[in-house]
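Here is a brief report for a reader new to this structure. Take a look at the sequence and the model first.

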Amino acid sequence: MRHIDHKNVVKRMGSRMLLNKTFKTIFFMATLFALLSLAILFYRIVSQGIGFISIDFFTNFGSRIPENAGIVAALVGSLWMMAVIAPVSLIIGVGSAIYLEEYAKKNKLNDFIRMNIANLAGVPSVVFGLLGLTIFVRALHLGNSILAAGFTMSLLILPVIIVASQEAIRAVPKELREASYGMGATKWQTISKVVLPSAIPGILTGGILALSRAIGETAPLVVIGIPVIIQFLPDNLLSQFTALPMQIFDWAKRPQEAFQSVAAAGIIVLMMFLLIMNSIAVVIRNKFQKRY
Amino acid sequence: MVQVNLNKPQLKETTDLNQNVNMNSLVYDTKQLNLWYGNHHALKNIDLAIKENEVTAIIGPSGCGKSTYIKTLNRMVELVPSVKTSGQIIYRDRNIFDRDYNVEELRTRVGMVFQKPNPFPKSIFDNIAYGPRIHGIKNKKTLEEIVEKSLRGAAIWDEVKDRLNENAYGLSGGQQQRICIARALAIEPDVILMDEPTSALDPISTLKVEELVQELKENYSIIIVTHNMQQAARISDKTAFFLNGEVIEFDQTDTIFSTPSDKRTEDYISGRFG
């Protein structure tokens, strides 16, 4: 006895096909919506700010006159902050990921730690700002310096880096580890020669995306009291400084109409910054993938 | 010191060794081995004496503990958490479970070839040189010698000699498996463990690996787990039949396949189960 009645199949074919098409359309619209809003945003910012992008804009300090306002202090400040965040967060983040994936035993305590690291990634950035204010600015007397801001931002993105690195390490096939151990390699030799080379594209992708987030974050900087009007370039890690999102935030809240355009110009610079970083991530990733 | 050993052709060295010692001395002597994965009793009171320069095949249905047993011989089984063992495995006069027995040292003397070809995503040269490098050989000339000798040993030198710098992933499955055998040879082992080395290969590649096993027998002791009873019959000197974590029968391969003494062995080899 047959369970599938062909007549019935034919009868239902039309509605099945319709449903099929409907979902395709819904998903396409979702993508289109995201792309379109991004394009509108991009168009608005660029058309508004492009007029203020000039060599002077990159070499001038902040000013009360919109035409003279420049971004050099914020740009250099962000670069300094990056120089703290990148090594601190990558070393600690990748180190913890290696420990959790390769060394830590599978028990309840470690499962609890793993779960909570993932949860930490969801904590609002302003909370990390308060943490930085308490520990780095006040308790360790670092003041509102590059170091204090860099450490705070490192804490903020650490969970993201740890989770991304853990995933990259976990994706390395078990067979490759077995091959290495099977030849008498120690754990460290296996990690450094087999696991990390295979995991590095994933680690770098996650790491650089996290760094991009750190560049764009404003709330923690506001909380730890990073100033906006800075008329000098920082010369050491304990200098005062300002950063791109702070500067943009300050311009955007000024009453004069012209400063809105200056803010737009600042956003263009910030976006270029992020774009360059992401391109570096892609280049590094491709380079490593070619070798393996 | 390593350097001096390496400059001697290994073939000769092994032959010398064989002449000095009794041809029938044991490489592995397993005594009352028990193994548990958590609460699952996977190996039960295993007693097995494996002789030098022979091919020992381990057969049995899926889940009978044959892979577990071979992985215990180089303690790879310990990569699985929650493994417990009791009993002894004597490898060349020392119990491998001794507290001060270094597992890295054991695995340098006991090479392993896995079920699925698992070359590293590196060049063919770097794959073979991996073992020697982790054991401290840096000299380029020495490494080149080892790579050539190992690839010749695994009967794949002629196929890959012009493309040593290409990624090993570009090779066919059968070639990859022979690269993995060459990689195991490069650490100049005493024993080679093979865990179903041909189960992922086509018949022609399988034949090549089987022929290779016959050649390697001259210089190495080989323990091979196989699903394929014809393969065990073709290439092994001794065969052990495992069932539910126990050794049911261990004898000359000819005897096992012609006049097995246990009913269960007979049922298995005649294809009545498994």
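Predicted model: local features only at pLDDT ≥ 70, side-chain atom pairs only at ≥ 80, totals over all residues.

**Chain A**

Chain A has eleven helices and zero strands. From the N terminus on, its elements run α-α-α-α-α-α-α-α-α-α-α. The radius of gyration of chain A is 25 Å, well over the 19 Å that the globule rule gives for 292 residues, so chain A is more spread out than a compact globule. Further values for chain A are set out here.

| Property of chain A | Value |
|---|---|
| Box filled by the C-alpha atoms, along the principal axes | roughly 85 × 60 × 35 Å |
| Share of the 292 residues that count as buried | 36% |
| Share joining residues at least 24 apart, among contacts between residues at least 6 apart in sequence | 76% |

**A sheet in chain B**

Chain B holds an open sheet of four strands. Their order is 2-1-4-5, and the pairing is antiparallel. Strand 2 (40–51) and strand 5 (94–95) of chain B are the edge strands, and each pairs on one side only. Strands of a sheet pair through backbone hydrogen bonds. In chain B, strand 4 (residues 83–91) pairs with strand 5 over two bridges, in the antiparallel sense. There, B:Ile90 stands opposite B:Asn95 of strand 5.

**Where the chains touch**

Between the chains, 20 residues of chain B are in contact with 15 residues of chain A. On the chain B side, helix 4 (103–109) and helix 5 (124–134) each supply at least two residues. Helix 4 of chain B gives the largest share, four residues. By class, the side of chain B that touches chain A has ten nonpolar residues, five polar and five charged.

**The nonpolar core**

In soluble globular proteins, nonpolar side chains tend to be buried together. Here, the largest nonpolar core has 143 residues. Among those with the most contacts inside this core are A:Ile157, B:Ile58, B:Ala182 and B:Ile192. B:Leu193, B:Ile222 and B:Ile223 also belong to that group. Helix 6 (residues 146–170) of chain A gives the most to this core, with 17 residues.

What is B:Ile192 in contact with, leaving aside its neighbours within four places in sequence? Its partners are B:Gly111, B:Val113, B:Ala184, B:Leu216, B:Tyr220 and B:Ile222. B:Ile222 is itself among the residues with the most contacts inside the core.

How values were computed: Residues numbered from 1 in each chain as written. Chains lettered and ligands numbered in written order. Pairing = 2+ DSSP bridges. Contact = placed C-beta atoms within 7 Å. Nonpolar A, V, L, I, M, F, W, Y, C, P; charged D, E, K, R; others polar. Core = buried A, V, L, I, M, F, W, Y, C linked by C-beta atoms within 7 Å. Buried ≥ 20, exposed ≤ 12 C-beta atoms within 10 Å, placed from the backbone. Rg over C-alpha atoms; globule rule 2.2 N^0.38 Å.
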